[in-house]
Amino acid sequence: MYSSVSKLWTWQFSLIILITISFYLCLQMLTGGFSIFVTEFSHNPTLGGFMTTAFMLAAIITRPVIGILMHKINIKKVLCVMLLCVLVCIMISYGQQVIPLLISLRILEGIGFGVTTTLLATLATNLIPEERIGEGIGYFGMATSLGTTLGPMIALSILHSFSFEFLLFITM
């Protein structure tokens with residue numbers, strides 16, 4: 001039996017897991033949905049693919065930068081700011097069909113994704129007791145996998161029956 005010192009499922013760790021699943025789920029829903037939405041109204045599948053590329057490149061470029069800055073920032077405050085930034089980008093996307101604006105918003109969402117996912121992983125590993133690190137990282141990894149796997153499927157289901165604006169509303 002584990003002692004109270006090595007408790008894994010604290011309210012903080014549980015909250016990080018819930019935020020991680022929700023965040024990955026929402027952003028992966030948008031990754032699947034944005035390209036379909038843009039392709040439908042522009043009749044150009046290249047622009048749809050470019051939405052995903054802009055998002056992913058921004059996330060990839062951002063991760064090393066936040067890794068360098070991580071020791072100089074307040075992780076919880078930056079995480080809250082990034083979550084708010086992503087929310088605002090999603091809200092601004094509602095009803096838009098201006099390609100340069102949508103690309104800019106996807107880049108900002110990609111930056112938010114890169115920073116947020118890095119910070120969530122850092123917070124989770126800081127909360128996991130050393131003697132349960134493998135178990136804790138396994139649960140965190142499962143949270144990211146669930147959101148990443150289910151997001152596009154849910155997005156396609158929503159887009160099949162509803163509008164892209166409804167998908168944006170759900171992710172907000």
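Reply: Arg106 and Glu109 both belong to helix α4, where three residues, or about one turn of the helix, separate them. The model is a predicted one, and helix α4, which spans residues 99–127, is where confidence is highest, at a mean pLDDT of 96. The side chains of Arg106 and Glu109 meet in a salt bridge, with a distance of 2.5 Å from N to O.

Are these two partners buried or exposed? Arg106 has a relative accessible area of 0%, and therefore counts as buried, the cut-off being under 20%. Glu109 also has a relative accessible area of 0%, so Glu109 is buried by that cut-off. Side chains of opposite charge can pair when their charged atoms come close.

How many salt bridges does the model hold? The count comes to two. Arg132 is buried, because its relative accessibility is 9% and the cut-off is under 20%. Glu135 stands at 30% relative accessibility and so counts as partly exposed, a class that lies between 20% and 50%.

Helix α4 also has a part in the largest pocket. The elements that give two or more residues to the lining of this pocket are α1 (11–42), α3 (75–93) and α4. The volume of the largest pocket is about 260 Å³. Its lining includes Leu123, Asn126 and Leu127, and also Trp11, Gln12, Leu15, Ile16 and Ile19. Lys76, Leu79, Cys80 and Leu83 are among the lining residues as well. Which element gives the most to this lining? It is α1, with five residues.

Helix α3 also holds Val78. With a relative accessible area of 22%, Val78 is partly exposed, because this value lies between the cut-offs of 20% and 50%. Val78 and Cys26 are 52 residues apart in sequence, and their C-alpha atoms are 19 Å apart in space.

The loop between α1 and α2 contains His43. His43 is not a glycine, yet its phi is positive, at about 55°. At 68% relative accessibility, His43 counts as exposed, because the cut-off for that class is over 50%.

On the surface, a nonpolar patch is formed by Met91, Tyr94, Phe162, Phe166, Phe169, Ile170 and Met172, which together have about 700 Å² of accessible area. Helix α6 (residues 164–171) supplies the largest share of this patch, with three residues. Phe166 has its place in helix α6. The relative accessibility of Phe166 is 32%, so Phe166 counts as partly exposed, between the cut-offs of 20% and 50%.

The protein averages a pLDDT of 93, and 97% of the residues score at least 70. Confidence is lowest in helix α2 (residues 45–69), where the mean is 93, whereas helix α4, with which this account began, has the highest mean, at 96.

Note on methods:
Residues are numbered from 1 along each chain as its sequence is written. This is a predicted model: local features need pLDDT of at least 70, side-chain atom pairs count only at pLDDT 80 or more; totals for chains, interfaces and linings use all residues. Side-chain values use heavy atoms; hydrogens and water are left out. pLDDT is the predictor's confidence in each residue, from 0 to 100. Helices (H or I, at least four residues) and strands (E, at least two) are DSSP runs, numbered from the N terminus. Patches are made of residues with over 30% relative accessible area and no salt bridge: like charges are joined within 9 Å, nonpolar side chains (Val, Leu, Ile, Met, Phe, Trp, Tyr) within 5 Å. Accessible areas come from the Shrake-Rupley method with a 1.4 Å probe; for residues, only the protein chains shown count as cover. A salt bridge is a side-chain nitrogen of Lys or Arg within 4 Å of a carboxyl oxygen of Asp or Glu. Buried means under 20% relative accessible area, exposed over 50%, partly exposed in between (1.4 Å probe, protein chains only). On a 1 Å grid over the protein atoms alone, a cavity is a set of points where a 1.4 Å probe fits but cannot get out, and a pocket is an open set with protein on both sides within 12 Å along at least five of seven lines; lining residues have an atom within 4 Å of a point. Grid points are joined across faces, edges and corners, and a volume is the space filled by probe spheres set on the points.
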